Amino acid sequence: MQAAIIPILLGIRSFTKFKHISKHKLIPFGFIFLGLASIAEMIDHTQTSWIYVDHSSLFNWLFYSFLSLGLTCLSISVIKNKFIQTTNFCISLCSIISYILFNKTIALLFQIIISIFLIINWQRVFKDWLFILYPIFGIFFTTFFGTNLSISGNQFWHILIGPSGTISVLTFYLVLKRSDKKFT
């Protein structure tokens, strides 16, 4: 539940904050989309008795779609270049559409590109050492836990994915809060 509630609460708190960011109005939507991704994932797990099953479904597609939109909103929020903004948004749409047309693996490849854009853009703008926590928890640990879950089937790994993702979401918020002090 924390993986859904915390991003949504951070999104609500962000509506009147971070005005020093060029597209600050996208930030709350980024957090809310990440929370909605977790909700879709939880609903999907109710279909499988809360046991991880590597499958495609409507709610699994919604999970990947909201995740893509959330990361894209956060990435685009700090970009001023219209071409890069458009490219980032198109990659997000490709991720969403490719899940339906092809499979989850192709969608994940687009999400990797989205994450690379996000990391490059946020590090370029914020230059905050704290941001290193996002790739560590949001990419490395969640991938590590998810891979171990898929290989072993041991649900213990599943329990660790949500908190790891939540730490990455908190990292976004903390970097934004710290940047408010740097830019003012």
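Q: Why is Arg178 called partly exposed?
A: Its relative accessible area is 32%. Buried means under 20%, exposed means over 50%, and partly exposed covers what lies in between (1.4 Å probe, protein chains only). Since 32% falls in that middle range, Arg178 is partly exposed. A quick heads-up: this is a predicted model, where local features need pLDDT of at least 70, side-chain atom pairs count only at pLDDT 80 or more, and totals for chains, interfaces and linings use all residues. Residues are numbered from 1 along each chain as its sequence is written, and side-chain values use heavy atoms, with hydrogens and water left out.

Q: How do you know that Arg178 and Asp128 meet in a salt bridge?
A: Look at the gap: N to O is 2.8 Å between their side chains. A salt bridge needs a side-chain nitrogen of Lys or Arg within 4 Å of a carboxyl oxygen of Asp or Glu. The structure holds 1 salt bridge.

Q: What makes this pair a link between distant parts of the chain?
A: The two residues are 50 residues apart. Arg178 sits in helix H7 (residues 156-183), while Asp128 is in the loop between helix H5 (104-126) and helix H6 (133-152). By the way, helices are DSSP runs of H or I with at least four residues, strands are runs of E with at least two, and both are numbered from the N terminus.

Q: Why is Lys127 called exposed?
A: Its relative accessible area is 58%, so it clears the cut-off for exposed. Lys127 also lies in the loop between H5 and H6, and its phi is near 45°, a positive value in a residue other than glycine.

Q: What is the phi of Phe18 near?
A: Near 60°, again a positive value in a residue other than glycine. Phe18 is placed in the loop between helix H1 (2-14) and H2. At 3% relative accessibility, Phe18 counts as buried.

Q: What makes H3 roughly antiparallel to H4?
A: The axes of H3 (residues 58-76) and H4 (residues 82-101) come within 9 Å and cross at roughly 175°. Axes are lines fitted to C-alpha atoms, for helices over the stretch in contact, and angles run from 0 to 180 degrees between N-to-C directions. Under 35 degrees counts as roughly parallel, over 145 as roughly antiparallel, 65 to 115 as roughly perpendicular, and the rest as oblique. That puts 175° in the antiparallel class, so H3 is roughly antiparallel to H4.

Q: How do you know that H3 is close to its expected reach?
A: H3 has 19 residues and reaches 26 Å from its first C-alpha to its last, against 27 Å expected. The expected span is 1.5 Å times one less than the number of residues.

Q: Why does Gln85 count as buried?
A: Because its relative accessibility is 8%, which is under the cut-off. Gln85 is found in helix H4. Not counting residues up to four places away in sequence, Gln85 touches Lys23, Ile76, Ile79 and Lys80, where contact means heavy atoms within 4.5 Å.

Q: What makes Leu26 partly exposed?
A: Its relative accessible area is 26%, so it belongs to the middle class. Leu26 is found in helix H2 (residues 26-46). Leaving aside neighbours within four places in sequence, Leu26 is in contact with Cys73, Ile76 and Ser77.
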